Amino acid sequence: MEMPELPDLGETNFSGMVSIVTGGGSGIGASLAKRLTELGSRVTIVDIDEESGRHVANGIGCDYVNFDVADLAAWEQSVASVTDRFGSLDLLCLNAGIGSRPRGHTVTDDPVPWILDTYRNVIAVNIDGVILGTMTALPVMEKQGSGSILVTASVAGIRTQPPDPIYSLSKSAVISFVRSIAPALEDRGVRINALCPGSVDTPIQPEDRRREGRPMSPPEDIAEAMAKILASDDTGGIWIASSSDYPVWRYEFASAIDGPPD
Ligand code: NAD
């Protein structure tokens, strides 16, 4: 089976491009904000954790806006303010995300209390954050005739993730969203893709996984793959970065049930 790989960044330069990176106050988002800044983009970090968001933004020399990605009014206000100030919105990285499994819970613990407690919030951040961000940026990008949206999904959205079914559900949902909405966006000059990391060494990782000594990719490797996807001309692509030991590759879903589009 052919596994399409990402082109190298080569002479890629994002200078003049305006980016928003959600969840940029930590982990993958912080590495991505840094990499996009190095490549010349004017980056605004969005995060709900003001202290870490500002700290990362100051360290990189980019801008910071504090808001909850599940808040539509905050999206509208912030996208308007970024485009008024910098003149465009070219790269939108919908990366903020949370897990639902409380620290210390195992697969054998009763899932009822913690799933009922946490699932709405996980859906708000991991799904609403992607849909609201895309819908708010789309009119701006359509008017420009260009733009690229990149969603941080997860391999947990393709394979099963028994310790955290709600996280898995949320990542499957955004993968389906990206694949299904890509044609409508393409008609408007806008690309949308998703990257699915495996285990990455960031604070989202539960302690038990660290204790197991599970191999984890550095967030910088994921950020590099994300920059390559943003620089590519792909759309509707679901890219897998399962481990730093393997190339990043484009996942092809089984086509047997695909009929003509409705
Ligand atoms: P992280 O915890 O280091 O960073 C997540 C950031 O999102 C934090 O700064 C947090 O404050 C922010 N955030 C949380 N809720 C928010 C909200 N409502 N509004 C705005 N910001 C909010 O974790 P990470 O590993 O860097 O995660 C980034 C993305 O990568 C997530 O979508 C995560 O699901 C995904 N991912 C991570 C891994 C991994 O192993 N680390 C694997 C696959 C996918």
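**View 1. Polar contacts between the protein and the ligand.** An oxygen atom of the ligand is placed 2.5 Å from a side-chain N or O atom of Thr202, a polar contact being a pair of N or O atoms within 3.5 Å, where within protein one must be able to donate a hydrogen and the other to accept it, and residues adjacent in sequence count only if both atoms are side-chain atoms. Asp47 brings a polar side-chain atom to 2.5 Å from a ligand oxygen atom, and for Tyr167 the corresponding distance to an oxygen atom of the ligand is 2.6 Å. The model is predicted, so that local features need pLDDT of at least 70 and side-chain atom pairs pLDDT 80 or more, whereas totals for chains, interfaces and linings use all residues. Residues are numbered from 1 along each chain as its sequence is written, and side-chain values use heavy atoms, with hydrogens and water left out.

**View 2. The shell around the ligand.** Of the 29 residues around the ligand, those that come nearest are Ser26, Asp47, Tyr167, Thr202 and Gln205, a residue being near if one of its heavy atoms lies within 4 Å. By class, this shell holds 13 nonpolar, twelve polar and four charged residues, with Ala, Val, Leu, Ile, Met, Phe, Trp, Tyr, Cys and Pro taken as nonpolar, Asp, Glu, Lys and Arg as charged, and the others, Gly among them, as polar.

**View 3. The side chains of Ser41 and Ser19.** The side chains of Ser41 and Ser19 are joined by a polar contact of 2.5 Å. Ser41 counts as buried because its relative accessibility is 6%, buried meaning under 20% relative accessible area (1.4 Å probe, protein chains only).

Methods
Buried means under 20% relative accessible area, exposed over 50%, partly exposed in between (1.4 Å probe, protein chains only).
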